[in-house]
Amino acid sequence: MGRRHPDHPPARIRAAGFTLLEVVLAVGVFALVAAAGYGALQALATAAAASRDRGRELETKQMVLTVLAQDLGQAIARPVRRAGGSAEPALGGDTTHLALTRGGWDNPPGTMGSTLKRIEWGFDGTRLERRLWPVTDPAGRNAPQTDLALEDITTLRWRYLDRQRHWLDRWPPPDGTALPRAIEIVFENRRGDRFRRLIEVAP
């Protein structure tokens, strides 16, 4: 039996490269890794958006409470007149509504106007609104304009501290005191976060 000549190729030569099974497995692994990476990116994007929304909400809340503190810090014991001559207390309210006369109002440069402003804070069940009257003594067809609002509020309550340090749910009290010593606002948002602020009223 003679020896195989070196120039003759072997009967069976293994093909170079990957088999179909190896390619399918590699594609499957890549798909799993890509899906996991996409899910992680989606989770990060969702978390970032939620963080931005919460940041804006907290910024708005802080601004609203700051403006409220400014209003109460400038409150004055000046009643107002309604249409028909009926009187309204300088500061009046209940657990969901507050109205007051504020002094120290800055008018636009070059304009003449009263430094007093009638302001209302009202809660409609979903949002807290600050409304400004165009005149100090509302009458006729004058209507307030909303200039500030805090959204997604589920519960809200005002309380009024009198000069004897008693908490009341309505103001003014029977003795007719013009201004309370302080006002407390407590509210919750749709996530269940609870906020409380006690604000001193101008003496």
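**Figure 1. Pairing of β10 and β11 in a predicted model.** Strands β10 and β11 pair in the antiparallel sense over 7 bridges; two strands count as paired if DSSP finds at least two bridges between them. Strands (E, at least two residues) and helices (H or I, at least four residues) are DSSP runs, numbered from the N terminus. Within this pairing, Glu188 stands opposite Arg194 in β11. The surrounding open sheet is formed by 4 strands in the order β9-β8-β10-β11, with antiparallel pairing. Because β9 (167-168) and β11 stand at the edges with a single partner strand each, one side of each is left without a neighbour in the sheet. The model is predicted: local features need pLDDT of at least 70, side-chain atom pairs count only at pLDDT 80 or more, and totals for chains, interfaces and linings use all residues. Residues are numbered from 1 along each chain as its sequence is written, and side-chain values use heavy atoms, with hydrogens and water left out.

**Figure 2. Salt bridges of Glu184.** A salt bridge is a side-chain nitrogen of Lys or Arg within 4 Å of a carboxyl oxygen of Asp or Glu. The side chain of Glu184 meets that of Arg159 in such a contact (2.8 Å, N to O). This pair links distant parts of the chain, with Glu184 in strand β10 (residues 182-189) and Arg159 in strand β8 (residues 153-161), 25 residues apart. Glu184 is buried, at a relative accessible area of 5%; buried means under 20% relative accessible area, exposed over 50%, and partly exposed in between (1.4 Å probe, protein chains only). Arg196 also forms a salt bridge with Glu184, with the closest N and O atoms 2.5 Å apart. Arg196 belongs to strand β11 (residues 194-200) and Glu184 to β10, so this contact ties together parts that are 12 residues apart in sequence. A network of salt bridges that share partners joins Glu120, Arg127, Glu129, Arg131 and Glu151.

**Figure 3. The salt bridge between Glu88 and Arg118.** The structure holds 14 salt bridges. In one of them, the side chains of Glu88 and Arg118 meet at 2.7 Å, N to O. Glu88 lies in strand β2 (residues 87-88) and Arg118 in strand β5 (residues 117-123), so the pair ties together parts that are 30 residues apart in sequence. Both Glu88 and Arg118 are buried.

**Figure 4. Strand β4 and its partners.** Strand β4 is largely enclosed by the rest of the structure, because 5 of its 6 residues are buried. Strand β3 (residues 91-93) pairs with β4 in the antiparallel sense over 3 bridges, and a hairpin joins β3 to β4 through 3 residues. In β4, Ala99 is the bridge partner of Gly92. The antiparallel pairing of β4 with β5 runs over 6 bridges, and Leu98 stands opposite Trp121 in β5. Thr115 lies in the loop between β4 (97-102) and β5 and is partly exposed, with a relative accessible area of 44%. Thr115 and Trp105, 10 residues apart in sequence, are 4.4 Å apart in space, C-alpha to C-alpha.

**Figure 5. A nonpolar surface patch.** Phe18, Val23 and Val27 make a nonpolar surface patch of about 330 Å². Patches are made of residues with over 30% relative accessible area and no salt bridge; like charges are joined within 9 Å and nonpolar side chains (Val, Leu, Ile, Met, Phe, Trp, Tyr) within 5 Å. Accessible areas come from the Shrake-Rupley method with a 1.4 Å probe, and for residues only the protein chains shown count as cover. Val23 is placed in helix α1 (residues 20-73) and counts as partly exposed at 40% relative accessibility.
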